[in-house]
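Welcome! Take a moment to turn the model around and get your bearings. The report below walks through it one part at a time.

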Amino acid sequence: KMMTMTTTTTTTMMRPMMCQNQSRQKWETLTAVQKRRKGRRTRDEKKCAVSAAAAAASDDAKQNATRQEQLFAVGLGASTPSNVATLWATSEIENLGKRGTIATGQPFLDHMIDQLTTHAQLGVSVQVEKEHTETADPGNEKRKMIKCETDTAKYASDEDAEATFTAAGEALGKALKYMLCSEGRVGFAANGRTNGTRFAAPLDEAYASCLIEQFDSDKNGELKTFSLAPYGRRNRSHIGAYPTVYTETFFREVAKHSGLTIRLEKHRGDNAHHIVEATFKSFARCLRKFMDEIEGNDGSETSGSDNSSSRAASRARSTKETSIDVALDLDKNGGTNGSVEISTGIETLDGLFNALAETAEFGTFKCVASGDTWIDDHHTTEDVAITVGQCLNEALGNKAGCNRMGSGSASVNGSEVEVIMDLSNRPYLGYDLDFAGDSIGDLSCEMVEHLFMSVTFNGQMTVHVVTKEKGSTDKDLAEAAMRAFGTCLKQCKSIDPRRAGTVASSKGTLSA
């Protein structure tokens, strides 16, 4: 169902000594409004555990307070900037809605909040307003509220950054909570305590994970784990005007006021921009996955076979070293088992590609090759992997409607490997498999990494291969890695009809 929630958060900050009396009057006004409105709250509002109070005695706040289905809250801060007295944040969320206005005064934070629209499929608006004191005419200062605008850094300031991140996080968290326990989602709220939902998202060399342990509509949520520092090799303090230190502040407020119990962790990353963006993407994806699991609507399981055009590709190549014929169809027709024909002349390689076809659930997969294996396994393995990657990239096309991202694990006889994937058109492979021997049957261990690299780069993917448990044999470890890769590819290639054929990217395209 489509539903919209708007919430307002106000952060009032202490003035310098000359304005202390006005600050005290402001505090008393807010407190009085809170007390009066507390007595008028309905039982339905209490059930959602979102406090309803006027933000301030301004005309805008009074007008907002009359809107239906809007809840307001007051938050008080303790910073002492020289030219800012009060800061409001309003947030509106529409499930499966379009992107709204996101203007916090911190451009990079705006870009990060926008990940909720792209990756959680939520129409999000966040608007920050600041009370500004004009000092152009000394002795005749004028105070007025200004709305932050988009696509500019002129409102960004370290002086009120903490208040901005706090207010924006609180407003967004309250909007999330109201959405999660409204419009027939009472069952969601009551049954939202699960064993946890996890999603890991990559961005080039970085990847981060989010674990949502539970949702409780009756209590505050909690940011149980936050582990992103250092922000790059130099522990970057700012990304543009964005102070990295307040990333935790933002998520702590979101967790607290949404009722979600959250853990956020960086696992790899040397670039501050990538680390923060991967974290926001992992949260957005995890939130949508959590909602889908609770509501029994798993978009990652949706087949792509209902596309009007076939997602298939074939390539043949012949050199002095190898002769290769590869054809694949990403989608099964009518739910039937696809046909698989694999014969590369390298038995271990055949086994790995069979594992890929099975776990990725290809409609058809033909991989026939002959090569100079009397020299060694290098040319055949490399050329086959390049061709398979090229076919994958061609079959996926512009990735319209695809889930695009996935994370999955596979275990084989005690060996466990996790793969995190993004059909990003930005090739990158992070790989940590460590084999005990030199070869696995007739395939050299060093060629396993080359296999993953060739498929990944020619498939235009970002992939992280992560060892979780190392079993007793190299064969089991390699197979677990390929099965995790296939499981992840199945998620990424699947079509989510809720995306209505659009590309899951805040840029609007993955081709540029």
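## The chain as a whole

The accessible surface of the chain comes to about 21900 Å², and carbon and sulfur atoms account for 44% of that area. Please keep in mind that you are looking at a predicted model. Of the 512 residues in the chain, 55% are buried.

If you colour the model by secondary structure, you will find 13 helices and 22 strands. How much of the contact in the chain, counting separations of 6 or more, comes from residues 24 or more positions apart? Such pairs make up 80% of those contacts.

## A sheet with β13 and β15 at its edges

Let us start with one of the sheets. Four strands form an open sheet in the order β13-β14-β16-β15, and the pairing is mixed. Strand β13 covers 312-318 and β15 covers 339-343; each of these edge strands has a single partner, so one side of each has no neighbour in the sheet. From one strand to the next, the twist averages 5°.

Look next at the pairing of β15 with β16, which spans residues 364-371: the two run parallel and are joined by five bridges. Within this pair, I342 stands opposite C367 of β16. A helix also belongs in this picture: α10, made of residues 347-360, packs on the sheet and touches both β15 and β16. The direction of α10 makes about 160° with that of β15.

As background, the strands of a sheet pair through backbone hydrogen bonds, in either a parallel or an antiparallel manner.

## A sheet built around β18 and β22

Another open sheet has four strands in the order β17-β18-β22-β19, again with mixed pairing. Here β17 (405-412) and β19 are the edge strands, each pairing on one side only. The twist in this sheet averages 15° from one strand to the next.

Which way do β18 and β22 run relative to each other, parallel or antiparallel? They run antiparallel, with seven bridges joining β18 to β22, the strand of residues 462-469.

On the β19 side, the picture is a parallel one: four bridges join β19 (residues 428-431) to β22. You can follow this pairing at G430, which stands opposite H464 in β22, and at Y431, which stands opposite V465. Helix α12, residues 446-458, lies across β19 and β22 and runs at about 155° to β19.

## A closer look at E418

Now zoom in on E418, a residue of strand β18, which spans residues 415-422. Is E418 buried or exposed? Its relative accessibility is 3%, so E418 counts as buried, the cut-off for buried being under 20%.

The side chain of E418 makes a polar contact with the side chain of K468, at 3.3 Å. Beyond the neighbours within four places in sequence, the residues in contact with E418 include R198, A200 and Y207, as well as H464, V465 and V466. Also among them are S407, G408 and S409, together with A484.

## Cysteines without disulfides

How many disulfides does the chain have? The count comes to zero.

C286 counts as buried because its relative accessibility is 0%. For C488, the closest cysteine sulfur belongs to C492, and the 4.8 Å between them is too far for a bond. C488 has a relative accessibility of 0%, so this residue counts as buried too.

One last stop is M179, which is found in helix α6, residues 161-180. With a relative accessible area of 0%, M179 is buried. How far apart in space are M179 and N95, C-alpha to C-alpha? They are 7.7 Å apart, while 84 residues separate them in sequence.

Technical notes: Residues are numbered from 1 along each chain as its sequence is written. This is a predicted model: local features need pLDDT of at least 70, side-chain atom pairs count only at pLDDT 80 or more; totals for chains, interfaces and linings use all residues. Side-chain values use heavy atoms; hydrogens and water are left out. Two strands pair if DSSP finds at least two bridges between them. Axes are lines fitted to C-alpha atoms, for helices over the stretch in contact, and angles run from 0 to 180 degrees between N-to-C directions. Contact means heavy atoms within 4.5 Å. Buried means under 20% relative accessible area, exposed over 50%, partly exposed in between (1.4 Å probe, protein chains only). A polar contact is a pair of N or O atoms within 3.5 Å; within protein, one must be able to donate a hydrogen and the other to accept it, and residues adjacent in sequence count only if both atoms are side-chain atoms. Accessible areas come from the Shrake-Rupley method with a 1.4 Å probe; for residues, only the protein chains shown count as cover. A disulfide is a pair of cysteine sulfur atoms within 2.5 Å.
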